[in-house]
Amino acid sequence: MNSFRNKLLQFMQGRYGPDQTFYVLTGIYLVLVFVNVFAQSWILHILSLLIFALTMYRVLSKNIIKRQIENEWVMSRTAGLRKRFMKAKKRYEQNDDYYFKKCPECKRQLRLPRIKGKHTTTCPACGHKFSVKISWGREK
Ligand SMILES: [Zn+2]
């Protein structure tokens, strides 16, 4: 087993290996495979194989500079998407304790303590007063 590990390390020496783009591609691949369980489309099947081949090609590539440039390109193109995803994830994690509501006046996102019932709140940004109804949460 150890010699297999050594052989693998030797094989990977000087090769690019996984980067952030690797995880993006793997994510796309897994979504395609999952969707295709239901869709049963040969186009999706070919596409997922191509993405898998591209992922493997990049990991095993010895042209490290070119792969780094590709990775930076992908990272800059997905920056907005990744930021939105992280925001949604953070909000989901806080959902039990906080209620998120946009101010109807200035559209700023407010994070309110999740206390069940009807409340009046004041937006800290623009001072607009509005009522909020929270259907579930802590009792007062
Ligand atoms: Zn406001």
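In this predicted model, the count of salt bridges comes to 4.

Glu 70 belongs to helix α4 and Arg 58 to helix α3, so their pair ties together parts that are 12 residues apart in sequence. Glu 70 is partly exposed, at 27% relative accessibility, whereas Arg 58 is buried, with a relative accessible area of 4%. Arg 67, which lies in helix α4 with Glu 70 at a separation of 3 residues, or about one turn of the helix, is likewise buried, at 3%. In helix α5, Glu 93 and Lys 89 are 4 residues apart, about one helical turn; Glu 93 is exposed at 55% and Lys 89 partly exposed at 40%. Salt bridges with shared partners join Asp 19, Arg 58, Arg 67 and Glu 70 into one network.

The buried residues of α4 are Arg 67, Asn 71, Val 74 and Met 75, and because they cover an arc of only 100 degrees around the axis, they lie on the same side of that helix. They pack against α2, α3 and α5, while the face turned away from them carries the exposed residues Ile 65, Ile 69, Glu 72 and Arg 77.

Thr 21, placed in helix α2 (residues 20-39), is buried at 4% relative accessibility, and its contacts beyond four places in sequence are Arg 58, Glu 70, Asn 71, Val 74 and Met 75.

Technical notes: Residues are numbered from 1 along each chain as its sequence is written. This is a predicted model: local features need pLDDT of at least 70, side-chain atom pairs count only at pLDDT 80 or more; totals for chains, interfaces and linings use all residues. Side-chain values use heavy atoms; hydrogens and water are left out. Helices (H or I, at least four residues) and strands (E, at least two) are DSSP runs, numbered from the N terminus. Buried means under 20% relative accessible area, exposed over 50%, partly exposed in between (1.4 Å probe, protein chains only). Contact means heavy atoms within 4.5 Å. The arc is that of the directions from the helix axis to the C-beta atoms. A salt bridge is a side-chain nitrogen of Lys or Arg within 4 Å of a carboxyl oxygen of Asp or Glu.
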